[in-house]
Amino acid sequence: MRETQWPPARGRAGILIDGPRLQVRALDGLCQTLISGDLEAAVAALAPGATTLGLYALLPAGAHALRIGRMSALLVTPTAIAAPEGWRGGWCATSVDDGWTAVEVSGADAPLALAQATSADLAAGSPSAAVFVFGLRALLARTQAGFRLHVEAPWLETLLAWLDGV
């Protein structure tokens, strides 16, 4: 019967897990825009100078795009951008601020959590940041203190339940 006694959802802001060896923090204030089509043109128009990153790449301080596939990426900016919705000159942009969420995982057990989370060969890299993490679709990047995951918002609590078990 324990499976019917669910704790309340933790939400999408602040510290979500604060253990002695593992911390998970939701990132508020990031603007997330799904771009498709001509990615170079989209990034140049929406966030000039932003880099496009693949699997487990080190995140820069500013705007960046996490590649999902050949013709799609998640553009992440520290502030809101005036993204025109729909197709423009060979590319399309759609705000997904309410559909995706980002968490940063850090602490001494962050490498252990990552090893348990995915079987992807992080050392080999990939042009795409998309990976399965605990069986969930996610975009994975590296930070100075650990790693960042972007997941579809409805899966956040499932991700946190897995991380609670590390």
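Predicted model: local features only at pLDDT ≥ 70, side-chain atom pairs only at ≥ 80, totals over all residues.

I started with R137, which counts as exposed because its relative accessibility is 56%. My cut-offs here: buried is under 20% relative accessible area, exposed is over 50%, and partly exposed is in between (1.4 Å probe, protein chains only). Residues are numbered from 1 along each chain as its sequence is written, and side-chain values use heavy atoms, with hydrogens and water left out.

**Salt bridges**

Which residue does R137 form a salt bridge with? I found E152, with the closest N and O atoms 2.4 Å apart. I call a pair a salt bridge when a side-chain nitrogen of Lys or Arg is within 4 Å of a carboxyl oxygen of Asp or Glu. R137 is in strand β11 (residues 136-142) and E152 in strand β12, so this pair links parts of the chain 15 residues apart. E152 is partly exposed, as its relative accessible area is 23%. For element names I use DSSP runs numbered from the N terminus: helices are H or I with at least four residues, strands are E with at least two.

Next I checked R148 and E104, whose side chains meet in a salt bridge at 3.2 Å, N to O. R148 lies in β12 (residues 146-152) and E104 in β9, so the pair ties together parts that are 44 residues apart in sequence. Buried or exposed, R148 and E104? Both R148 and E104 are buried. I also noted that R25 joins E104 and R148 in a network of salt bridges.

Then came R21 and D109, a salt bridge with its closest N and O atoms 3.0 Å apart. R21 is in the loop between β1 (14-18) and β2 (23-26), and D109 is in the loop between β9 (100-106) and α2 (110-117), with 88 residues separating the two. R21 counts as partly exposed because its relative accessibility is 45%, and D109 counts as buried because its value is 15%. The count by this rule comes to 4 salt bridges.

**The sheet**

How many strands form the open sheet? I get 6, in the order β1-β2-β9-β12-β11-β10, with antiparallel pairing. Two strands pair when DSSP finds at least two bridges between them. β1 and β10 (130-133) stand at the edges with a single partner strand each, so one side of each has no neighbour in the sheet. Neighbouring strands are turned by 35° against each other on average, direction ignored. Axes are lines fitted to C-alpha atoms, for helices over the stretch in contact, and angles run from 0 to 180 degrees between N-to-C directions.

I then went through the pairings. β2 and β9 run antiparallel and are joined by 4 bridges, and Q23 has S106 in β9 as its bridge partner. β9 and β12 pair over 7 bridges, with T101 partnered by V151 in β12. β11 and β12 pair over 5 bridges and form a hairpin with 3 residues between them. L139 stands opposite H150 in β12.

How many residues of β12 are buried? I noted 6 of its 7, so I put the strand down as mostly covered. Last entry: helix α3 (residues 156-164) lies across β1, β2, β9, β10, β11 and β12, running at about 35° to β1. Contact here means heavy atoms within 4.5 Å.
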